[in-house]
Amino acid sequence: MTELTLTQMATEVLTTADGRAKTALSHQHAATWFAARAEGRTIPVGTATPPDMPARPARPELLAPRDVPRRRPGSPQGRIALVHAVAHIELNAVDLHWDIIARFGHVPMPMGFYDDWVKAADEESKHFNLMCDCLEAMDSHYGALPAHAGMWRAAEDTAQDLLGRLAVVPMVLEARGLDVTPGMIEIFRKANDDATVAALNVIYAEEVGHVAYGSKWFHFLCGRHDLDPKDVFHDLVRTYFHGALKPPFNEEKRAEAGIPPDFYWPLADQTPPRRG
Ligand SMILES: [Fe+2]
Ligand SMILES: [Fe+2]
């Protein structure tokens, strides 16, 4: 059997529609990549042609964000809707992390770049499955509710621009996850749903790493091209991200992930609170 290149593995995940099948393949390819690395061997990165949009299951139905029904977060139905929305984000994240590998295979990068995104994709696969398990424990499942269309927009907009992809996906969208997850954990804590609290805590801890990978490789590429990271970040986010960033920001976790306040506050729709 000929060994797949890393970009071929990524493309296989992207073209698998079913969520549980996609994440199983993602785990399998990540294990193959890291087993080779542990043996001191590197699987060739190669180049591949990933699909413009990843394959997705027939359900959930994808609706414009304004058409997705809102439910009270305090109610059991509201909590199901919240977990369903997170599951959808996690499935999208699996594809985003494999897509950055497949889409930019032609850009020469150190092996650590691939290690980081394979690990992130592996973790997103676990996150999706955790959220599916939580939904099933609540007598629901992924696909039972409509979900946001347009989550692939950031990937499409930055398909030609690796720096833009790093700025918008890990450093804006995944960093936003750090801002909102503590509030979500609180909702499930109040509902005494310990299993969902535990799952969200795993996600929260691991997402700091994904934002940090984004910041690391963004700074690496800025250094390679002799660019000022903060100025370039502002330009790229204004080019590719639609709308202002929304405070309050999780300044502590953002700092832990290597994103300082002067990166995000100038892009916010408010000025920072005055501090002594
Ligand atoms: Fe995640
Ligand atoms: Fe992530």
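**Figure 1. Packing of helix 6 against helix 7 in the predicted model.** In this predicted model, helix 6, which covers residues 162-190, packs with helix 7 at an angle of about 160°, and the axes of the two helices are 8 Å apart. Angles over 145 degrees count as roughly antiparallel, and helix 6 and helix 7 are therefore roughly antiparallel to each other. The crossing of helix 6 and helix 7 is left-handed. Sorted by class, the residues of the contact of helix 6 with helix 7 comprise 22 nonpolar, seven polar and three charged.

**Figure 2. Packing of helix 4 against helix 7.** Helix 4 is made of residues 111-137 and helix 7 of residues 194-224, and the two pack at an angle of about 160° with their axes 10 Å apart. That angle makes helix 4 roughly antiparallel to helix 7. The crossing of helix 4 and helix 7 is left-handed. On the side of helix 4, the contact is made by Phe113, Asp116, Trp117, Ala120, Glu123, His127, Leu130, Met131, Cys134 and Ala137, while helix 7 brings Ala195, Thr196, Ala199, Val202, Ile203, Glu206, His210, Tyr213 and Trp217. By class, the residues of the contact of helix 4 with helix 7 divide into 13 nonpolar, three polar and three charged.

**Figure 3. Surroundings of Trp217.** Trp217 has its place in helix 7, and this residue is one of those that make the contact between helix 4 and helix 7. A residue with 20 or more other C-beta atoms within 10 Å of its own is buried, and Trp217 counts as buried because 23 C-beta neighbours lie inside 10 Å. When its neighbours within four places in sequence are left aside, Trp217 is in contact with Phe113 and Leu166. Of these, Phe113 is among the residues of helix 4 that make the contact with helix 7. Asp116 is another residue of helix 4 in that contact; Trp217 and Asp116 are 101 residues apart in sequence, and the distance between them in space is 9.7 Å, C-alpha to C-alpha.

**Figure 4. Packing of helix 3 against helix 4.** Helix 3 spans residues 76-103 and packs with helix 4 at an angle of about 160°, the axes of the two being 8 Å apart. This angle makes helix 3 roughly antiparallel to helix 4, and the crossing of helix 3 and helix 4 is left-handed. In the contact of helix 3 with helix 4 there are 19 nonpolar, four polar and two charged residues.

Figure 5. Arg59 and Pro60 are joined by a cis peptide bond, for which omega is about 5°. Pro60 lies in the loop between helix 2, residues 19-38, and strand 1, residues 62-63. The peptide bond from Pro247 to Pro248 is cis, with an omega near 5°. Pro248 is found in the loop that runs between helix 8, residues 229-240, and helix 9, residues 251-256.

**Figure 6. Two aspartates with positive phi.** Asp139 is not a glycine, although it has a positive phi of about 60°. This aspartate is found in the loop between helix 4 and strand 2, the strand being residues 147-148.

**Figure 7. The whole chain, as a setting for the close-up views.** The protein has 10 helices and two strands, and from the N terminus on its elements run α-α-β-α-α-β-α-α-α-α-α-α. Along its principal axes, the C-alpha trace of the protein spans about 55 × 50 × 35 Å. For 276 residues, a compact globule would have a radius of gyration near 19 Å, and the protein agrees with this because its own value is 19 Å. Buried residues make up 41% of the 276 residues.

Conventions:
Residues numbered from 1 in each chain as written. Chains lettered and ligands numbered in written order. Predicted model: local features only at pLDDT ≥ 70, side-chain atom pairs only at ≥ 80, totals over all residues. Axes fitted to C-alpha atoms, helices over the stretch in contact; angles between N-to-C directions. Helix = DSSP H or I, 4+ residues; strand = E, 2+ residues; numbered from the N terminus. Parallel < 35°, antiparallel > 145°, perpendicular 65-115°, else oblique. Left-handed = near helix turned anticlockwise from the far one by under 90°. Contact = placed C-beta atoms within 7 Å. Nonpolar A, V, L, I, M, F, W, Y, C, P; charged D, E, K, R; others polar. Rg over C-alpha atoms; globule rule 2.2 N^0.38 Å. Buried ≥ 20, exposed ≤ 12 C-beta atoms within 10 Å, placed from the backbone.
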